[in-house]
Amino acid sequence: MYINKEILMEMLESNECLLADGYDSALIGISDGPNPVAIYDTELCIKSLMDNDKMSEEEAVDYFYFNTVGCFMGEKTPIFIKTL
């Protein structure tokens, strides 16, 4: 699947979507509906932590779920999905 990041970023900005810091490579889309939010791939987020922050897989998973998924920033909070 090809994602045009430039168009995606324009859509996110025009909808005032909040972004998760440090997970640019895991950004995969924007939700439909009355309250669009940024969508991230969970596995790519964890891989990003392992690659960029030199965490083990266990550390990255723990960090991601506690500090990222567990962080609520209001109605524009990004969502994280597992792709199959």
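User: How many salt bridges does a search of the whole structure find?

Analyst: One. The model is predicted. The partners are Lys47 and Asp51.

User: What makes the meeting of Lys47 and Asp51 a salt bridge?

Analyst: Their side chains come to 2.6 Å, N to O. The cut-off is 4 Å between a Lys or Arg side-chain nitrogen and an Asp or Glu carboxyl oxygen, so the pair qualifies.

User: Where do Lys47 and Asp51 lie?

Analyst: Both are in helix H2, residues 42–52. They sit four residues apart, about one turn of the helix. An α-helix has 3.6 residues a turn, so residues three or four places apart point the same way.

User: Why is Lys47 called partly exposed?

Analyst: Its relative accessibility is 44%. Buried needs under 20% and exposed needs over 50%, so Lys47 falls in between. Asp51, with a relative accessible area of 38%, is also partly exposed.

User: Why is Thr68 called buried?

Analyst: Thr68 has a relative accessible area of 11%. The limit is under 20%, so Thr68 counts as buried. Thr68 is found in helix H3. The buried residues of H3 (residues 57–69) are Ala60, Phe64 and Thr68. Their cover includes H2 and strand E3 (79–81).

User: What makes the Thr68 and Tyr23 pair a polar contact?

Analyst: The two side chains approach to 2.9 Å. A polar contact requires N or O atoms within 3.5 Å, one able to donate a hydrogen and the other to accept it, so this pair passes. Leaving aside neighbours within four places in sequence, Thr68 also contacts Tyr63 and Phe80.

User: Which residues touch the most other members of the largest nonpolar core?

Analyst: Leu12, Tyr23, Leu27, Tyr40, Cys45, Leu49 and Phe64, out of 16 residues. Helix H1 (5–14), strand E1 (27–30), strand E2 (38–41), H2 and H3 each supply at least two core residues. H2 gives the largest share, three residues. In soluble globular proteins, nonpolar side chains tend to be buried together.

User: What makes E1 and E2 a pair?

Analyst: They share three bridges, in the antiparallel sense. Pairing takes at least two, so E1 and E2 meet the criterion. Leu27 stands opposite Tyr40 in E2. H1 lies across E1 and E2, at about 50° to E1.

User: Why do E1 and E3 stand at the edges?

Analyst: The open sheet has three strands in the order E1-E2-E3, with mixed pairing. E1 and E3 each have a single partner strand, so one side of each is left without a neighbour in the sheet. The twist averages 35° from one strand to the next.

Definitions and conventions
Residues numbered from 1 in each chain as written. Predicted model: local features only at pLDDT ≥ 70, side-chain atom pairs only at ≥ 80, totals over all residues. Heavy atoms only, no water. Buried < 20%, exposed > 50% of the residue type's maximum accessible area, 1.4 Å probe, protein only. Contact = heavy atoms within 4.5 Å. Core = buried A, V, L, I, M, F, W, Y, C linked by side-chain atoms within 4.5 Å. Axes fitted to C-alpha atoms, helices over the stretch in contact; angles between N-to-C directions.
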